[in-house]
Every structure is written in structure tokens, then in C-alpha cells.
Amino acid sequence: MELAEDIGKRLGVEVELVSVLTANRVQFLQQGKVDLLIANMEWTPERGQLLGSVPTPFYRVGGTAAVLKDSAITRWEDLKGQPVCTSQGSSYIKALTEFGADIKAFKSSSESLLALRGNNCVAAVHDATLINPLLAGNDEWKGYRAIAPELNPAPSVIWTRSGETDTQNRLDSIVQDWHRSGWLIELEKRYNITPASPALVELHEQFKGKGA
């Protein structure tokens with residue numbers, strides 16, 4: 001939300017936040033129901049063929065699995081033959097299928113996590129930026145832990161419709177300024193997102209010496 005609001009402030013436009021599901025977010029952007037996609041949609045070659053994106057990533061994140069603390073699952077390979085919950089259209093489905101997991105895909109991450117708590121699956125796989133803060137700061141999730149390392153870490157980018165080069169270039173300067181100023185590192189600390197992202201430090205170092 002903070003990213004969208006800062007973009008609106010810099011561009012001098014009012015921001016309207018629209019809730020989307022993993023299964024419909026690409027269509028919402030293509031159909032003009034939203035103008036940008038910002039959160040929880042990492043860059044992949046397949047998505048890059050459907051949409052345009054801002055060149056500089058604002059984050060890098062992979063997937064992690066929430067499992068019961070007393071679960072025998074400690075590695076991704078342990079998911080073979082096991083029911084695993086995730087969201088429809090998740091970029092982690094291909095990798096989980098290759099591990100031999102029995103995929104149960106839901107319309108939203110909240111439904112997936114609810115299914116995990118209802119013992120309908122042995123793990124729920126989503127972005128680490130969703131799972132880690134949930135397990136660290138919510139009493140209802142004290143009985144769960146996360147699997148490491150992250151699955152298929154990829155750049156988090158701002159998505160536009162294909163061909164919107166001017167928009168992409170304008171937003172790219174904003175993202176670079178976020179890194180230059182260290183603002184994204186401050187946000188990560190404010191929201192207690194752990195472990196801290198090495199990518200943010202790398203991008204801060206890359207851009208901090210460059211002028212606006």
C-alpha cells in the first residue's frame with residue numbers, strides 16, 4: 001500500500017487500491033480494471049510475455065512453506081506425494097509439481113492458509129514476505145514454522161500493460177529513488193519482515209551514488 005501511495009504522491013494523482021486475486025490479477029490489468037500491479041507478483045519469462053514491467057525491481061522474494069512445527073517436513077523434497085496448498089496461478093506451482101507435491105490450488109492465499117489450519121494439506125506455499133511475518137507476529141500461528149531456503153527467488157517488479165514504455169520509464173526513476181534513499185530498507189524494518197533481504201542492500205549500494 002505504501003508503494004502505491006508514494007507513486008501517487010510523486011505523480012500527483014489519487015490512488016485507488018483494488019483487491020485482486022492471483023487467478024484474475026493479470027486479466028484485471030490487461031482489461032484496464034487496474035493500471036498497475038505492484039505487490040506479490042514476481043517477474044517470470046511467461047509473465048513478461050503477457051505484460052510490461054518496470055526494469056528495476058523493488059524487491060526479490062521466493063516462496064516458503066508454512067508447516068506444523070512437529071511436521072517431519074524439513075526440505076522441499078519432503079513434499080513428494082503430500083497435499084500442498086497454494087494460490088491459483090502461483091509461480092511456485094511448477095516447482096512444487098516437480099517435487100512431486102499434490103497441489104491444492106485456492107482462489108486466494110487466505111483460503112489456502114485456512115485449508116492448512118483445517119488439516120487439508122501439510123503445507124501452504126506462498127511468498128516469504130507473507131509467510132514469515134505471519135508466523136513471527138501472530139499468536140494463532142505459533143504452532144507453525146517455515147521451510148528454508150526460499151523456493152525460486154525472483155525479482156518483484158511493478159507491472160504495466162504491454163507497450164506502456166513512458167509509464168515504465170517514469171516509474172523506474174521512482175523505484176531507483178526508493179533504493180537510492182534506503183526507503184525500502186526502512187519499510188522492511190518497520191514491518192518486521194525477516195530475514196532481511198540482501199537484494200535491498202545490494203540495490204541500495206547500486207543506486208545510492210547516482211543522482212536523481
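A salt bridge is a side-chain nitrogen of Lys or Arg within 4 Å of a carboxyl oxygen of Asp or Glu. I start there since the charged pairs come up first today. Please keep in mind that this is a predicted model.

By that rule, the count comes to 9 salt bridges. One of them pairs Arg10 with Asp177, and their closest N and O atoms are 3.0 Å apart. Arg10 sits in helix α1, residues 2–11, while Asp177 sits in helix α7, residues 165–181, so this pair ties together parts that are 167 residues apart in sequence. Is Arg10 buried, partly exposed or exposed? Its relative accessibility is 35%, so Arg10 counts as partly exposed.

Asp177 has another partner. Its side chain also meets that of Arg180 in a salt bridge, 2.9 Å from N to O. Arg180 counts as buried, because its relative accessibility is 15% and the cut-off for buried is under 20%. Through shared partners, salt bridges join Asp6, Arg10, Asp177 and Arg180 into one network.

For another case, look at Asp139 and Lys142, whose side chains form a salt bridge of 3.6 Å, N to O. Asp139 has 61% relative accessibility and counts as exposed. Lys142, at 54%, counts as exposed too.

Now the nonpolar side. Which residues have the most contacts inside the largest nonpolar core? They are Leu3, Ile7, Ile38, Phe58, Ile158, Trp178 and Leu184, in a core of 19 residues. Two or more residues of this core come from each of α1, β2 (59–68), α7 and α8 (183–190). Take Trp178 as an example. Leaving out residues up to four places away in sequence, Trp178 touches Leu3, Asp6, Ile7, Arg10, Phe58, Ile158, Trp183 and Leu184.

Last, one serine. Where is Ser108 found? Ser108 lies in the loop between β4 (102–106) and α5 (109–117). With 12% relative accessibility, Ser108 counts as buried. Its side chain makes a polar contact of 3.0 Å with the side chain of Ser110. Setting aside neighbours within four places in sequence, Ser108 is in contact with Leu21 and Ser87.

That is what I have for today.

Methods: Residues are numbered from 1 along each chain as its sequence is written. This is a predicted model: local features need pLDDT of at least 70, side-chain atom pairs count only at pLDDT 80 or more; totals for chains, interfaces and linings use all residues. Side-chain values use heavy atoms; hydrogens and water are left out. Helices (H or I, at least four residues) and strands (E, at least two) are DSSP runs, numbered from the N terminus. Buried means under 20% relative accessible area, exposed over 50%, partly exposed in between (1.4 Å probe, protein chains only). A polar contact is a pair of N or O atoms within 3.5 Å; within protein, one must be able to donate a hydrogen and the other to accept it, and residues adjacent in sequence count only if both atoms are side-chain atoms. Contact means heavy atoms within 4.5 Å. A nonpolar core is a set of buried Ala, Val, Leu, Ile, Met, Phe, Trp, Tyr and Cys residues joined through side-chain atoms within 4.5 Å.
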